[in-house]
Amino acid sequence: MSVAAPAASSAPAVAPSADPSRRAPLPVLGRDVSVPLVTGGEAPYAALDYAASAPALQRVWDDVAAYAPYYGSVHRGAGYLSQVSTELFENARRTVARFLDCREDDQAVFTRSTTDSLNLLARALPADCRVFVFETEHHAALLPWRDASVTCLDAPRSHQEAVASLERALAARDPHGPALVCVTGASNVTGELWPVRELAAVAHAHGARIVLDAAQLAPHRPVSVRDLDVDWVAFSGHKLYAPFGAGVLAGRPDWLDAADPYLAGGGASRRVVRRADGGVDVDWHDGAARHEAGSPNVIGAHAVASACTALTEAGFDALAARERRLTDLVRAGLASVPGVRVLSLFGDGAPRVGVISFVVDGWNSSHLAAALSAEYGIGVRDGLFCAHPLVGALLGGDAGGRGECGAPEAAPGERSLNAVRVSFGAGTPDEHVERFVRAVRELVRDGARWTYRTEDGRCVPAV
Ligand code: PLP
């Protein structure tokens with residue numbers, strides 16, 4: 001698919017606001033990128049898909065660039081740059097542990113992503129471990145436990161219902177075997193916060209452990225392992241403004257040390273000997289190294305640590321207060337557009353991060369998202385957001401795929417097949433969310449100005 005760039009620029013450029021309170025609190029890469037509009041001209045790109053991948057912080061990029069000349073192997077070189085790189089990698093681990101307010105004996109393992117972190121934990125479950133999840137989880141938290149015996153709980157409609165539902169499920173299990181609860185901190189569909197501390201208390205009261213999927217929480221709110229009293233936390237660098245391929249699993253070492261290495265190979269092994277019978281005996285490391293076989297992603301780890309430092313220095317209180325203002329602005333704006341329904345499990349007053357999904361009566365969500373991109377330079381996401389059971393529950397039935405482009409997927413009053421998601425954060429200026437609200441209002445009132453067609457399952461401008 002290609003969308004041709006128009007020859008002449010007719011859309012007015014949006015100058016950075018003179019009012020600092022309207023600017024993004026943290027500069028990100030891409031803030032000056034303009035994209036072609038199918039209707040003519042260009043617009044500054046409004047990246048409103050932070051929940052999928054947030055842009056890199058300028059600070060992260062600068063820190064990575066400053067380190068790059070010193071890049072060397074980690075844990076395996078005698079040279080000076082290898083020592084610098086090893087030190088940087090282990091410093092990154094300490095920074096991440098501080099960022100998560102880990103306990104003294106917790107360990108932080110560098111992985112590739114939240115998905116990778118949860119799969120690693122799934123491989124480290126003790127025998128006969130039962131796993132409890134809500135059907136509302138992202139697939140990364142719903143699916144890795146396939147070998148364990150999983151209880152999938154119904155989507156709760158309040159914090160109290162979530163806690164009571166977990167309590168009932170845990171009370172009904174065999175109290176002697178190991179158990180793990182996996183819960184998200186903030187939903188990637190509704191942005192709503194989950195009662196993690198309360199769920200952790202229930203889990204522990206019933207002898208279970210709990211892992212927090214902080215993929216959507218960590219970029220927006222402080223995460224304290226001690227305060228929430230969770231056993232593990234997982235998050236992804238690319239959602240935390242550090243898109244260099246690293247993620248984190250941090251928490252209790254015992255299950256991880258007792259498990260076979262997630263990846264077998266160099267770095268995970270302390271000693272390897274060939275047996276007389278031709279086999280190989282291995283003495284595996286304990287600690288993070290056990291699950292970090294192969295050459296570590298030192299740039300990714302450094303980038304994550306840099307983002308942790310930048311967010312901590314900016315202060316989550318200030319970042320969250322501003323994000324709440326933008327969230328209120330978007331929600332109020334959408335509420336004023338006829339036919340818009342914002343998806344929510346816990347209702348209007350629920351605390352939430354800057355992630356909002358919605359459907360519009362009579363609109364195909366893919367069509368709306370395509371028009372926002374092609375006609376306004378706004379990047380959002382449409383679909384089921386890797387949370388099929390949750391989106392299905394919120395839309396009232398099994399969620400479907402994308403509707404065919406052009407024709408509305410749902411007539412007024414009928415249920416939509418998928419949704420549009422807008423998400424933002426510390427790199428978002430006011431103008432981006434204001435333009436988004438204005439664009440939705442205009443599209444719903446006047447219709448799209450261009451025609452669109454379906455190509456490879458995606459809605460694209462028919463150019
Ligand atoms: N958990 C949640 C709540 C998410 O939103 C996502 C990604 O969108 C994931 C887990 C998986 O993250 P990743 O794709 O970085 O592994």
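Q: What pLDDT does the protein chain average, and how many of the residues score at least 70?
A: This is a predicted model, and the protein chain averages a pLDDT of 93, with 92% of the residues scoring at least 70. Residues 1–12 have a pLDDT below 50, although this stretch still has 18 contacts in the model beyond near neighbours in sequence. Where pLDDT is low, the predicted coordinates should not be read in detail.

Q: OK, and how many helices and strands are in the protein chain?
A: The protein chain holds 13 helices together with 19 strands.

Q: What radius of gyration does the chain have, and how does that sit with a compact globule?
A: The protein chain has a radius of gyration of 23 Å, which agrees with the value near 23 Å for a compact globule because that is what 463 residues would give. The C-alpha trace spans about 75 × 55 × 45 Å along its principal axes.

Q: Let's go to single residues. Where does Arg 93 lie, and is it buried or exposed?
A: Arg 93 lies in helix H2, which covers residues 80–99, and it is buried because its relative accessible area is 12%, under the 20% cut-off. Leaving out residues up to four places away in sequence, Arg 93 touches His 75, Ala 108, Val 109, Phe 110, Ala 288 and Glu 292.

Q: And Arg 435, which helix is that in, and what does it touch?
A: Arg 435 is found in helix H13, residues 430–446, and it is buried, with a relative accessible area of 5%. Not counting residues up to four places away in sequence, its contacts are Ala 43, Pro 44, Ala 46, Tyr 376, Gly 377 and Ile 378. The C-alpha atoms of Arg 435 and Arg 123 are separated by 45 Å, and these two residues are 312 residues apart along the chain.

Q: Switching to Trp 194, where is it found, and is it buried or exposed?
A: Trp 194 is found in the loop between strand E7 (179–184) and helix H6 (196–205), and with a relative accessible area of 6% it is buried. Beyond residues up to four places away in sequence, Trp 194 touches several residues, among them Phe 134, Pro 156, His 159, Leu 199, Leu 345 and Phe 346.

Q: One last topic, backbone angles: what is phi of Asp 229, and what is it for Cys 386?
A: Asp 229 has a phi near 55°, a positive value in a residue other than glycine, and Cys 386 has a positive phi of about 55° although it is not a glycine. Most residues other than glycine have a negative phi.

Q: Where are those two placed?
A: Asp 229 sits in the loop between helix H7 (225–228) and strand E9 (232–236), and at 35% relative accessibility it counts as partly exposed. Cys 386 is in the loop between strand E16 (381–383) and helix H12 (388–395), and at 32% relative accessibility Cys 386 counts as partly exposed.

Notes: Residues are numbered from 1 along each chain as its sequence is written. This is a predicted model: local features need pLDDT of at least 70, side-chain atom pairs count only at pLDDT 80 or more; totals for chains, interfaces and linings use all residues. Side-chain values use heavy atoms; hydrogens and water are left out. Helices (H or I, at least four residues) and strands (E, at least two) are DSSP runs, numbered from the N terminus. The radius of gyration is taken over C-alpha atoms; the globule rule is 2.2 Å times the number of residues to the power 0.38. pLDDT is the predictor's confidence in each residue, from 0 to 100. Contact means heavy atoms within 4.5 Å. Buried means under 20% relative accessible area, exposed over 50%, partly exposed in between (1.4 Å probe, protein chains only).
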